[in-house]
Amino acid sequence: MAQDGTFWHGGEAGRTFARAWRAGLDALLPPRCLSCGTAVEGEALCPDCWRRVRFLSAPACETCGVPFTADPGPGALCGACAIEAPSFSRARTAFAYDAESRGLILAFKHGDRTDAAPAYGAWLMRAGAELLADSDVIVPVPLHWTRLFARRYNQVALLAYALQGWAKIPVAPELLVRRRRTPTQGTLGAAARKRNLAGAIAVPAKHRARAVDVLTLARVVRAE
């Protein structure tokens, strides 16, 4: 898959055709910043919007990936993970969910901005490179069928397939089963969200994995 989400076929000839196709499309419909709509030169965000998004990187908790304000050294854990280890092995996130990035998430989740998936896949690859190096499959969290019918697409599945193009790891959407519909998480705190999802998603016994890493596009970040 190309960086713009175009699939290549036929070796170098296919790549040449893909580049020509992309150039022609950009001439007719110039790329626009995913946040403000300003014309950009092949980038997902204009320079001003890029600076406002808080991309997450080291230093961070070895387990959950929450960023530290100072570098405590390799293998350090945040207070929450030190007190109680999460059920997953490791987690990483592309950027912080805040007032500056909220529009990107809401547009992708509810506003049919599926065109953002290729860029988000690249950001997920950068954030989760260490995790993906040890991964066998990418498993998107499924939507309940009623919510999928209302939205018309599963945005997490779109991210998984966009990420597949970068990581070259197969996507396995059948490995998780949505057992019941849950109320929206939008107005819930962390504890309420956990209760809301309890028992809602299952892993069939034949698909039980030795380890599970978590990769998300955005998360709320509190100072550590």
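User: Which residues do ring pairs link into a cluster?
Analyst: This is a predicted model, in which local features need pLDDT of at least 70, side-chain atom pairs count only at pLDDT 80 or more, and totals for chains, interfaces and linings use all residues. Rings of Phe, Tyr and Trp (its six-membered ring) pair if their centres lie within 6.5 Å, and planes under 30 degrees apart count as stacked, over 60 as edge-to-face and the rest as tilted. The cluster linked by such ring pairs consists of W50, F55, F95, F108, Y120 and W123.

User: How many aromatic pairs are there by this rule?
Analyst: A pair of aromatic rings is described by the distance of the centres and the angle of the planes. Under the rule for ring centres, the number of aromatic pairs is seven.

User: How far apart in sequence are the parts that W50 and W123 tie together?
Analyst: The ring centres of W50 and W123 are 6.0 Å apart and the planes stand at 80°, so this pair is edge-to-face. Helices (H or I, at least four residues) and strands (E, at least two) are DSSP runs, numbered from the N terminus. W50 belongs to helix α2 and W123 to helix α5, so the separation in sequence is 73 residues.

User: Is W123 buried or exposed?
Analyst: Buried means under 20% relative accessible area, exposed over 50%, and partly exposed in between (1.4 Å probe, protein chains only). W50 has a relative accessible area of 36% and is partly exposed. With a relative accessible area of 6%, W123 is buried.

User: What is the angle between the planes of F95 and W123?
Analyst: F95 is buried, at 0% relative accessibility. The aromatic pair of F95 and W123 is edge-to-face, with 5.9 Å from centre to centre and an angle between the planes of 80°.

User: Over the ring of which residue does the charged end of R126 sit?
Analyst: A charge sits over a ring if NZ of Lys or CZ of Arg is within 6 Å of the ring centre and within 35 degrees of the ring normal. At 4.8 Å from the ring centre, the charged end of R126 sits over F55.

User: How many residues apart are D112 and R152?
Analyst: The side chains of D112 and R152 meet in a salt bridge at 2.6 Å, N to O. D112 lies in the loop between α4 (102-110) and α5 (117-132) and R152 in the loop between α6 (145-151) and α7 (155-167), distant parts of the chain whose separation is 40 residues.

How values were computed:
Residues numbered from 1 in each chain as written. Heavy atoms only, no water. Salt bridge = Lys/Arg side-chain N within 4 Å of Asp/Glu carboxyl O.
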